[in-house]
Amino acid sequence: MYTKSIVKFVRNASVVTIAGLTILSGTPALVQAAPMSLPDTRTVANVRLPAERLILEREYAREQKWLAGQQNALDQEVKLGAKTQAWIDSLKAKGKDTTPLDQAMTAFNTQVANAQNVHNTAATILSTHAGFDANGLVTNFVQARATVRNARQSLWNARRIRLQARTDLIRVIVQWRWTNNETIAAPAEAAQPNAADGADQ
């Protein structure tokens, strides 16, 4: 008798689910709990985007400044190369063997030219300014991120090549001067390699 009453009660009861808990109710109506409210992806994106836009626009402006500074640095390298070549020519006029210096100058000029080419790639990327308008404001986030990333990579590569060119040249000059007891320093030894570089601005 008791068992039958329980079975009858269960059959007439409805199942109510609230927040993951199952509750038996004596009413026939089925009540469902409201779903949890989750953040809308678009809402999250709209919160992030203004900050991201500002970062991209600042980086774009910084790279424009870096581009100008690095072009100045590359121009200085060309002038330095000419002065160093004149120093080598003066040594030749004294009858000294400058073969290692000549080879070092050839390598230096090639490296500086390579740095200029890589730098020009960055200049093209920034002048095309995909994802930015003419005023440097973001118009397309995906394109703007690519512009900033690719320009930065080219600028860093150009800087690396340029500084390596100077390091290699000075190493040969110092070795040659030590071997040949030359007291007159080359122009390349006194110049500051980062004097006109905008990388740290």
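This is a predicted model: local features need pLDDT of at least 70, side-chain atom pairs count only at pLDDT 80 or more; totals for chains, interfaces and linings use all residues.
**Aromatic pairs**

The model has three aromatic pairs. Select Y60 and F132. Their rings are stacked, 4.3 Å centre to centre, with 15° between the planes. Y60 sits in helix α2 (residues 41–93), and F132 in the loop between α3 (99–128) and α4 (141–180). The two are 72 residues apart. Both Y60 and F132 are buried.

Next, select W66 and W156. This pair is edge-to-face: 5.1 Å between centres and 80° between planes. W66 belongs to helix α2 and W156 to helix α4, so the pair ties together parts 90 residues apart in sequence. W156 has 37% relative accessibility, so it counts as partly exposed. W66, at 0%, counts as buried.

**Salt bridges**

There are ten salt bridges. Select E59 and R152, whose closest N and O atoms are 3.5 Å apart. E59 lies in helix α2 and R152 in helix α4, so this bridge ties together parts 93 residues apart in sequence. E59 is buried at 16%, while R152 is partly exposed at 30%.

Move to D102 and K92. Their closest N and O atoms are 3.3 Å apart. D102 is in helix α3 and K92 in helix α2, ten residues apart.

Finish at R177 and E189, a salt bridge of 2.9 Å, N to O. R177 is in helix α4 and E189 in helix α5 (residues 187–190). Which of them is buried, and which partly exposed? R177 is buried at 17%; E189 is partly exposed at 25%.

Terms used. Residues are numbered from 1 along each chain as its sequence is written. Side-chain values use heavy atoms; hydrogens and water are left out. Rings of Phe, Tyr and Trp (its six-membered ring) pair if their centres lie within 6.5 Å; planes under 30 degrees apart count as stacked, over 60 as edge-to-face and the rest as tilted. Helices (H or I, at least four residues) and strands (E, at least two) are DSSP runs, numbered from the N terminus. Buried means under 20% relative accessible area, exposed over 50%, partly exposed in between (1.4 Å probe, protein chains only). A salt bridge is a side-chain nitrogen of Lys or Arg within 4 Å of a carboxyl oxygen of Asp or Glu.
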